[in-house]
Amino acid sequence: MAKELYVGHMSYEATEDDLRRLFSVAGTVTSVHIITDPETGRSKGCGYVRMLTEEEAKEAIETLDGALLRNRVITVSVARPQKQATRPAPRRGKPGPAGRSGKKRPS
């Protein structure tokens, strides 16, 4: 089991301090991060909490999944590893018509 936990269905008003205080009942919280919209800075209603040990993480899931935080019932589960961003494969093959590839047609 991992030490990183995913917290979902949070109130948009919940703060990192709220999460830290709540999760401290299960053990030592080493980090807290609430996911925010990059443009508005507003919470997306989810976040991550890292506990010191796997045992504390397990305790947090058992104790806090379904708990009330700022009048919302939260979900707590083991965080899944972040997916690596995939980039489109580079284009290969013939270049486009003259003028589009930067080369000029012979006159």
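## Ser 43

Ser 43 sits in strand E3, where helices (H or I, at least four residues) and strands (E, at least two) are DSSP runs numbered from the N terminus. This is a predicted model: local features need pLDDT of at least 70, side-chain atom pairs count only at pLDDT 80 or more, and totals for chains, interfaces and linings use all residues. Residues are numbered from 1 along each chain as its sequence is written, and side-chain values use heavy atoms, with hydrogens and water left out.

Is Ser 43 buried or exposed? Ser 43 counts as buried, because its relative accessibility is 11%. The cut-offs are under 20% relative accessible area for buried, over 50% for exposed, and partly exposed in between (1.4 Å probe, protein chains only). A polar atom of the Ser 43 side chain lies 2.9 Å from the backbone nitrogen of Gly 45. Contact means heavy atoms within 4.5 Å. Leaving aside neighbours within four places in sequence, Ser 43 contacts Ser 11, Tyr 12, Ile 34, Ile 35 and Thr 36.

## Overall layout

The protein chain has 2 helices and 6 strands. Along the sequence they follow the pattern β-α-β-β-α-β-β-β.

Of the 107 residues, 30% count as buried. The accessible surface is about 8,200 Å², computed by the Shrake-Rupley method with a 1.4 Å probe. Carbon and sulfur atoms hold 48% of that surface. Among contacts with a separation of 6 or more, 61% link residues 24 or more positions apart.

## The sheet

Four strands form an open sheet in the order E2-E3-E1-E6, with antiparallel pairing. Two strands pair if DSSP finds at least two bridges between them. The edge strands are E2 (29-36) and E6, each pairing on one side only. Neighbouring strands are turned by 25° against each other on average, direction ignored.

E1 and E3 run antiparallel and are joined by 4 bridges. Val 7 stands opposite Gly 47 in E3. Helix H1 packs on this sheet and touches E1, E2, E3 and E6. The direction of H1 makes about 140° with that of E2. Axes are lines fitted to C-alpha atoms, for helices over the stretch in contact, and angles run from 0 to 180 degrees between N-to-C directions.

## Helix H2

H2 spans residues 54-64. Which residues of H2 are buried? They are Glu 56, Ala 57, Ala 60, Ile 61 and Leu 64. Seen down the axis of H2, these buried residues fall within an arc of 140°, so they line one face of the helix. The arc is that of the directions from the helix axis to the C-beta atoms. An α-helix has 3.6 residues a turn, so residues three or four places apart point the same way. On the other side of H2, Glu 55 and Glu 62 are exposed.

Cover for the buried residues of H2 includes strand E1 (4-8), helix H1 (16-23), strand E3 (43-51) and strand E6 (75-78). H2 lies across E1, E3 and E6. H2 runs at about 150° to E6. Gly 66 follows H2, with a positive phi near 95°.

## His 9

His 9 is in the loop between E1 and H1. With a relative accessible area of 48%, His 9 is partly exposed. Not counting residues up to four places away in sequence, His 9 touches Gly 45, Arg 72, Val 73, Ile 74 and Thr 75. His 9 and Gly 47 are 38 residues apart in sequence. Their C-alpha atoms are 9.3 Å apart in space.

Methods:
A polar contact is a pair of N or O atoms within 3.5 Å; within protein, one must be able to donate a hydrogen and the other to accept it, and residues adjacent in sequence count only if both atoms are side-chain atoms.
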